[in-house]
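Visitor: I am new to reading protein models, and I would like to go through this one step by step. Could you show it to me first?

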Amino acid sequence: MPVCSGNNQEVLSVTKEIQTTNLNIQRRRQVEARTGLSRSTLYLYISQGLFPRPINLGPRSIGWPDYEIDAINAARIAGKSDEEIRALVARLVAARKTMA
C-alpha cells in the first residue's frame, strides 16, 4: 500500500484519496479497538505527537476520521519510526484544514 512508502508525495496523494472515499468518524472506543491501544496510551501518543488530536463532534463527544486511523495503522505496520509518524500526523492535521 503506498501509504507505507518512504515517498512523501505518495503518502499525500493516498491520504487525499482516502479522505475523499472514507469520511466516517470513529469514536474513541472504536479507535481503541482498531488500533489496539488503550485509552491512556492513545492520549499519551496524542501528547507525544504520535496520533492526531480528536475533532469535536459536540459538547461532550469527539472522534477521528477513518482515513487518519488507517494512515497511522499503515505507518505502524510498515515499521515507520516515531519521527516519521510525527511527520505523518502533522500532514494529516494540516490536511483537515484543506477539506472544508
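Visitor: What does the accessible surface of the protein come to?
Guide: This is a predicted model, in which local features need pLDDT of at least 70 and side-chain atom pairs count only at pLDDT 80 or more, while totals for chains, interfaces and linings use all residues. Residues are numbered from 1 along each chain as its sequence is written, and side-chain values use heavy atoms, with hydrogens and water left out. Accessible areas come from the Shrake-Rupley method with a 1.4 Å probe, and for residues only the protein chains shown count as cover. Carbon and sulfur atoms hold 52% of the accessible surface, whose total is about 5,900 Å².

Visitor: Which element has the lowest mean pLDDT?
Guide: The pLDDT is the predictor's confidence in each residue, from 0 to 100, and its mean over the protein is 86, with 77% of the residues reaching 70 or more. Helices (H or I, at least four residues) and strands (E, at least two) are DSSP runs, numbered from the N terminus. Among the elements, the highest mean, 98, belongs to helix α3 (residues 39–47), and the lowest, 57, to helix α1 (residues 8–21).

Visitor: In what order do the elements run from the N terminus on?
Guide: The protein has five helices and three strands. Read from the N terminus on, the elements follow the order α-β-α-α-β-β-α-α.

Visitor: Is E68 buried or exposed?
Guide: E68 is found in helix α4, which spans residues 66–77. Buried means under 20% relative accessible area, exposed over 50%, and partly exposed in between, with a 1.4 Å probe and protein chains only. The relative accessibility of E68 is 1%, so E68 counts as buried.

Visitor: How are α4 and α5 oriented to each other?
Guide: Axes are lines fitted to C-alpha atoms, for helices over the stretch in contact, and angles run from 0 to 180 degrees between N-to-C directions; here α4 and helix α5 (residues 82–98) pack at an angle of about 165°, with axes 10 Å apart. Angles under 35 degrees count as roughly parallel, over 145 as roughly antiparallel, 65 to 115 as roughly perpendicular and the rest as oblique. The two helices α4 and α5 are therefore roughly antiparallel.

Visitor: Which residues does R28 touch, not counting residues up to four places away in sequence?
Guide: R28 lies in helix α2 (residues 28–35), and contact means heavy atoms within 4.5 Å. From C-alpha to C-alpha, R28 and I62 are 7.2 Å apart in space, although 34 residues apart in sequence. Beyond four places in sequence, R28 touches R39, L42, Y43, I62 and W64.
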